[in-house]
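Good morning, colleagues, and thank you for your time. Please keep the sequence and the coordinates in view while I speak.

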Amino acid sequence: MADIKERIARRTAKELRDGELVNLGIGLPTMVGSFVPEDIIITLHSENGFAGLDSVPEPGEEDVDIINSGGQYVTVLPRVNYFDTATSFGIVRGGHVDVTVLGAMQVAENGDLANWIIPGKKVAGMGGAMDLVVGAREVIIAMTHTQKGNHKILKECTLPLTAEKCVDMIITEMAVMKVTDKGIEVIELHPDFTKEEVQEATGCELIWSPDLKPYQED
Amino acid sequence: MINKIMTADEAVAGVQDGMTIMVGGFLATGSPEILMDALVRKGVKHLTVIANDGGLDIGQYGARTARGVGKLLENHMVDHIIASHLGVNPKLNEQFAEGTLKYTLVPQGTLAEKIRAANYGLGGVITPTGVGTPMEFEKDELGRDKITMEIDGVKYLVERPLKADYAFIRASVCDKFGNFMCAKATKNFNYVMAGAADKVIVATEELVEIGSGDPDKFTVAGVLVDGIVEGEKKWQI
């Protein structure tokens, strides 16, 4: 499982371009930051209040005034800028965040996203997710293809939405997919899987790119 | 000149049962701890709390006591919480299950803008966030239907201002007039809430004389501040 998550994170990192402002969600998306190629310089946005997130401090070196949006102590780059929540989300909604990478519970073939609530379960809340997926220029969902075999990529979401038609790309351990006007188009297929297996693991009809490529791995 | 310097107990003396308060901080980073302690000592009940989250429970992230709004939750002082994230402090879900605490979720960016609208005298804000989600279809924090509107072919939600009786804020440095700044990632809701309540109380780590430093370093205007309390301490890990 760790290998699968790392594969997804490594592949997602290849989507980031030099100079971009990027927001990484909690969990698997956070791992993406570790695999960005050295020649690609991005700036990480932490929605609780800064742009210029770096890494994790050594034990004993924590600055108690600097946490990330998951509540962990973090370090920052020399070019960091700190701001309040209104400015932080102005940057988000204003389209200044180039890419956000998030996980999902469900994605629909039209790009609808559900990733914040399961009715009847523990109440967590959307935090900044609804603003991020509406405001960021590109929304990439990095997730395992199914939830223990249950479909997550569907014709329609059954869970309450985070936003409508917001997802641009889905990266799983099986494939890399783009959300198009016609549906979900597979552009890369991992050599461990056949087209039939990926379709079987998906709750909507997939479109296979005429230019289908092998999944890019290091 | 009016003396705004007071003790934490004096600062919360006017808080009555059933009032609405705002509390700065993000998972208790930048939360006004000495004011939360004073509210606990006063023992006020049935509060509506506007905050990003429910603070921390004892033991979370190394906290030796509950922190931020967590102190109010621990003492069952809150009837309604209006926040963007409620998954961290376990006291929240315990009290939802017991039926003693009600919640209204608001997306983080929208929460900031609703507070800012109250602060800046706006009738509301128009945002694309939440369209097509429960934010559009469920009632707001005061049980009102949401308003939607379409501008140039794009659908938006109209989010009403969010005001409180008291705003409790934490500053890193504050002068004796109330001009203040918050270091690094402690700004979060502290800057946004200053001015969005009838009474704005700042608890500061460092209190300095008026005119003792560069005025440009104070981001928030002291004219928005009603009370200043000294004695915030950096969180010891």
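I begin with a single side chain. B:Lys163 has a relative accessible area of 48%, which places this lysine among the partly exposed residues. Before I continue, let me state that we are looking at a predicted model.

What does B:Lys163 meet in a salt bridge? The partner is B:Asp198, with an N to O distance of 2.9 Å. B:Lys163 sits in the loop between β7 (154–159) and β8 (164–175) of chain B, whereas B:Asp198 belongs to strand β10 (residues 197–208) of that chain, so the contact ties together parts that are 35 residues apart in sequence.

Elsewhere in chain B, salt bridges with shared partners form one network. Its members are B:Lys114, B:Asp140, B:Glu141, B:Arg144, B:Lys146, B:Glu159 and B:Arg160. B:Arg144 and B:Asp140 form a salt bridge in which the closest N and O atoms are 2.9 Å apart. Are the two residues buried or exposed? B:Asp140 is buried, at 7% relative accessibility, while B:Arg144 is partly exposed, at 28%.

Let me turn to chain A for one further pair. There, A:Glu109 and A:Lys155 join their side chains in a salt bridge, at 2.7 Å from N to O. A:Glu109 lies in the loop between β6 (106–108) and β7 (113–114) of chain A, and A:Lys155 lies in the loop between β11 (153–154) and β12 (169–171) of chain A; the pair therefore ties together parts that are 46 residues apart in sequence. The glutamate, A:Glu109, is buried, with a relative accessible area of 16%. The lysine, A:Lys155, counts as exposed, at 55%. Over all chains, a search of the whole structure finds 30 salt bridges.

I now return to chain B and its strands. The secondary structure of this chain comprises 7 helices and 11 strands. Strand β6 (residues 147–151) of chain B pairs with β7(B) in the antiparallel sense, over 5 bridges. Which residue is the bridge partner of B:Glu150 in β7(B)? That partner is B:Lys155. The two strands, β6(B) and β7(B), form a hairpin with 2 residues between them. In the turn, B:Asp152 has a positive phi of about 50 degrees.

With a relative accessible area of 45%, B:Ile126 is partly exposed.

Finally, I consider chain B as a whole. How many of its 237 residues count as buried? The share is 59%. The C-alpha trace of chain B spans about 55 × 40 × 30 Å along its principal axes. For 237 residues, a compact globule would have a radius of gyration near 18 Å, and the value of 18 Å for chain B agrees with this. Among contacts in chain B with a separation of 6 or more, 74% are between residues 24 or more positions apart. The chain exposes about 9300 Å², of which carbon and sulfur atoms supply 52%.

That concludes my presentation, and I welcome discussion.

Note on methods:
Residues numbered from 1 in each chain as written. Chains lettered and ligands numbered in written order. Predicted model: local features only at pLDDT ≥ 70, side-chain atom pairs only at ≥ 80, totals over all residues. Heavy atoms only, no water. Salt bridge = Lys/Arg side-chain N within 4 Å of Asp/Glu carboxyl O. Helix = DSSP H or I, 4+ residues; strand = E, 2+ residues; numbered from the N terminus. Buried < 20%, exposed > 50% of the residue type's maximum accessible area, 1.4 Å probe, protein only. Rg over C-alpha atoms; globule rule 2.2 N^0.38 Å. Contact = heavy atoms within 4.5 Å. Areas by Shrake-Rupley, 256 points an atom, 1.4 Å probe, with all protein chains shown as cover. Pairing = 2+ DSSP bridges.
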